[in-house]
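Please look at the sequence and the structure below before reading on.

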Amino acid sequence: SAQDEMPYYLDEESVKDRVFLALKDLHRNVVDAIESQCSQSKNDYFASQGNMTNHSYAFESTYFRDYFSALRICLTGPKTDDRLKSDEHWIYDITETILPGFWEVDNCGRNQNRPVADPLKGEIIKLFEHLVELDPNQFIEAVLNDSVYSSSQTTSKNTQSASDPVTKMMEVFITSSNNFDYNNNYMSHFYRLITLLADHNEHFKSSVLTHENWKWALKSFVLNQNIAKAGPLYDTILFNTVKYLQIDENFREAIFRIIVSADGKESFLDQSNPDIASLKLLSSIFKCEILKNKCPKKQPICSLSFVSGECGGMSRLSSVMKKILSQIPLESDTTSTPHILENLLLSLNCMHLVLQALNINDVKKVIDESWPEIDEMNSFFTQLLTRTEDEWKIYHREDRSVTLINDIVAEATNLQKIIVLSAEAKAANSNTRTQ
């Protein structure tokens, strides 16, 4: 009776069991319907001679979204493995079936036949991410066996023409234009999907390290202060960029060039508001060179390039330091100023690490030839070391401020030690020449 079954429906895992049984074999029908929808949208677009607006799509873009969302939810919880036992190849099968529909949806967005912020595409991406977590081998096998696009596919700049499935996945259409909520809710999962694939497959890892998509995402969603905002997308890209530059030298050098290169414009390092992401990445790059370059024959390429007269890195870090100082609140101001202490620590850390990567003769050369602000900075280091506890309180009022302040004092101490050692080495050389 209905009364007897009521407890069954009040149990979440039991509800998932029944819903999953109803949904698990519908994916072929759903994909057929999606492809038909995409085909119709293309016909409508061409019939309108490309004049469709965001409000004139012939369908509701949320159609089928709930199917993929419900399917993903059914694959969570303690009984997930039990639901998949009856078909051990189900993840491969559903991935292989859904991919053609996914490429169609992506291509329609690229060609403006579907909304750019397409919730259906977003839910498929979230399902893909979850399938990789459940069984990366089955998912990757299905992706690598995918051959949806034939050589007859058109190759206009707005059409996804890559025949290599790894490249196709890297070239999923994403835009940074006015879609913060959508990108945060959905595209953060796309970049996490990419990192999961890279963690389990060398082809995907190589693509992440060499393809321009990841670098574009870093520039758009993390480093560009006109677009970038804190959130899951920002965190996912920044965290994994740091991870990848620690394992690949070419990627590390490419990210270094992105941060410091100006190309006739203001570089990310030189933005008017000191950028915490640029400083974090630089710090990680210099730290990696210290750890990786213990071999005497190995040169710290990024560090040497940074301190060169052409790059003027130490002067640029000095400029960053001055901008941070200009943001310090007045002594009578009790408001908390976000990121000031962390920015200050990171800028000091970058200075320390880049000098630590050099031998003493190179340090002397930097101080003498390409760091005209050295005396001003040394005076600032002294001010940091002599500040009282009460004077520090105006900088920040978060719980971790004490730790940050201690680290700042330590880095200022390290920098002054390097400066003193350089001066002593210079004096010793001068005495040797005199004798």
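How are H2 and H4 oriented to each other?

## Basis of the report

The model is predicted: local features need pLDDT of at least 70 and side-chain atom pairs count only at pLDDT 80 or more, whereas totals for chains, interfaces and linings use all residues. Residues are numbered from 1 along each chain as its sequence is written, and side-chain values use heavy atoms, with hydrogens and water left out.

## The pair H2 and H4

Helix H2 spans residues 12-23 and helix H4 residues 65-74; their axes come within 9 Å and cross at roughly 130 degrees. Axes are lines fitted to C-alpha atoms, for helices over the stretch in contact, and angles between N-to-C directions run from 0 to 180 degrees. H2 and H4 are therefore oblique to each other; angles under 35 degrees count as roughly parallel, over 145 as roughly antiparallel, 65 to 115 as roughly perpendicular and the rest as oblique. The crossing of H2 and H4 is left-handed, a term for a near helix turned anticlockwise from the far one by less than a right angle.

On the H2 side, Lys16, Val19, Phe20 and Leu23 meet Tyr67, Ala70, Leu71, Ile73 and Cys74 of H4, where contact means heavy atoms within 4.5 Å. By class, this contact has eight nonpolar, no polar and one charged residues (Ala, Val, Leu, Ile, Met, Phe, Trp, Tyr, Cys and Pro count as nonpolar, Asp, Glu, Lys and Arg as charged, and the others, Gly among them, as polar).

## The chain as a whole

The protein chain has 22 helices and zero strands; helices (H or I, at least four residues) and strands (E, at least two) are DSSP runs, numbered from the N terminus. Of its 435 residues, 51% count as buried, meaning under 20% relative accessible area, with exposed over 50% and partly exposed in between (1.4 Å probe, protein chains only).

## Helix H17

Helix H17 covers residues 313-326. Its buried residues include Gly313, Leu317, Val320, Met321 and Ile324. The buried residues of H17 pack against H14, H15, H16, H18, H19 and H20.

## Two individual residues

Serine 283 lies in helix H15 and, at 5% relative accessibility, counts as buried. Leaving aside residues up to four places away in sequence, serine 283 touches Leu346, Asn349, Cys350 and Leu353.

Asparagine 414, in helix H22 (residues 401-434), counts as partly exposed at 24% relative accessibility. Its C-alpha atom is separated by 6.9 Å from that of histidine 352, 62 residues apart along the chain.

Methods:
Expected span 1.5 Å × (residues − 1).
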